[in-house]
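Here is a short briefing to read alongside the structure. Have a look at the fold first, then follow the notes below.

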Amino acid sequence: MTATPLQADAGRPIRPPRSRLLPLGLVVSAAITWWAASDDFGVGFSLGEIIDNLTRGHRVLREVLSPNWAFFPQTVDPLLETFKMAIIASVIGCGVALPLSFLASKVTTPNSVTYLVDRGVLNVIRALPDLLYALVLVTAIGIGPLAGIIALILFNLAVTAKLLSETIDGVDTGPSEAAWAGGASRTQMIRSSVFPQILPNYIAYVLYVFELNVRASAVIGLVGAGGIGFVLQVQMGFFAYENVAVIVAELFVAVFLIELVSIRLRRRLV
Amino acid sequence: MIEFDKASVTYPGGVQALVDLDLIIEAGQLVVIVGLSGAGKSTLIRAINGLVPLSGGTVRVDGRDVGRASGRELRAIRSRVGMIFQTFNLVKRTSVLNNVLMGRLHATPTWRSMIGWYRRRDIELAMQALERVGIVEKAYVRAANLSGGQQQRVGIARALAQDPKIILADEPVASLDPPTSHVVMRDLQRINHELGMTTVVNLHFLDLAKVYGERIIGMRGGRLVYDGTAHDANEQVFRDIYGRSLTADDVLDSPAA
């Protein structure tokens, strides 16, 4: 095939100049990463240090690799407590998150005041990590699962409302228009046209949050907020890594099982 | 009866979609509005049920001023005006019956709609609406599993379930193939004749407009440029409405077919 450039070029637009933003962005992010890791300005990150110190942890590693299964019965009740805490916190946190999510999306919120106030409150709640909530609550109401549950509720509320309000932003607004045109109130519009669209996502988020809670219980238990994490803290205090290994294995299995169940549930729902 | 009195709509950004429109649509009429896209057809229809607020003038539905109506009054006006959309606007994940029941929300207390527990009387009305458009057997099927023509009939049933006095249809056949378009237009015509509902339909196909419109209103640049019978709307009239000579794209059924 012979090219006939003169004819082919007629009427074709000239290629617009390429944006220099992407290469610039890549260079800037590389520079920032180098700055953060460098010895002089940053935290002095080097892989060599990890390898140099690897042998130092060999006692810990050896004990972790030979778990003391006799310790298992002592972990059953705390593990169940963790599950109970996660269930309560997921139900309450995600339940409260649902109406707050509708207020936090432009698609469903009644006016800009409710939108901004609700967004502001959610941002404040989300700004603090769950560990900090647990620490404060343990100080305020004492050691035990109640502090942990409240910390998890706040965390669940913030995470679910964030994910869900963004899902609501993306729904098809055609059915909402139909509901308005039919004389529905805002609550009825949301219930009949928006809620059915977000339901599968909502259930997926609840399951995900539940999984996060089981995992988080290991961390918030460290500050005395109940559950398996509390046992973990005690055993680590005794340097009983063969017992710690049992707890880690249990958490691994628990998270894996929850993931299996939620995949099945989600597949049915979509 | 629908009365436009010097009605204007200017969108943010300055686009004038309606300019000083005066128009009266008598109860029971079947009116077809024609015009190019951007002529203001959709805005005209949405001004009737207040989905688009006027920036000047008034629209009255059965004597009630749509622009002045408060939240509750506006919902009361809307409950008497059913609407059908180009893209059907169904909740695709839920059943046909649930979609049609959206037409009964205006008569359902909030607590009942929250738990999805509609009154038996309202479910009966929804079923009757589905029977009228001939797809009652699909009541418990997911809306997403229906063809385009069937989905639009669910849309019509949803409007009918409101038990309205007026039906608004915004390009109801623009997403459908020619044979299905005629089925849907005949449904609308039948509803107008049998139930006496005032029907306002936006169309951009001239042949459909001439076949189904008793009265044709031509829009151009937000202004009314023709108002008369389908019989009097000849090619010259349509050329005035469209501001250009007509092409094969302006009709649904090409002459060759």
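Predicted model: local features only at pLDDT ≥ 70, side-chain atom pairs only at ≥ 80, totals over all residues.

**Chain B at a glance**

B:Val61 stands opposite B:Arg64 in strand S5 of chain B.

**The hairpin**

- Strand S4 of chain B and S5(B), which covers residues 64-65, run antiparallel and are joined by 2 bridges.
- The two strands S4(B) and S5(B) make a hairpin, with 2 residues between them.
- In the turn, B:Asp62 has a positive phi of about 50°.

**The partner on S4(B)**

- S4(B), residues 56-61, also pairs with strand S1 of chain B, residues 2-10.
- This pairing of S1(B) with S4(B) is antiparallel and extends over 5 bridges.
- Within S4(B), B:Val59 is the residue that stands opposite B:Phe4.

**The whole chain**

- Stepping back, chain B contains 9 helices and 10 strands.
- Chain B is as compact as a globular protein of its length, because its radius of gyration of 18 Å is close to the 18 Å that the globule rule gives for 257 residues.
- Along the principal axes, the C-alpha atoms of chain B fill a box of roughly 55 × 50 × 35 Å.
- Of the 257 residues in chain B, 46% are buried.
- Take the contacts in chain B between residues at least 6 apart in sequence: 67% of them join residues at least 24 apart.

How values were computed: Residues numbered from 1 in each chain as written. Chains lettered and ligands numbered in written order. Pairing = 2+ DSSP bridges. Helix = DSSP H or I, 4+ residues; strand = E, 2+ residues; numbered from the N terminus. Rg over C-alpha atoms; globule rule 2.2 N^0.38 Å. Buried ≥ 20, exposed ≤ 12 C-beta atoms within 10 Å, placed from the backbone. Contact = placed C-beta atoms within 7 Å.
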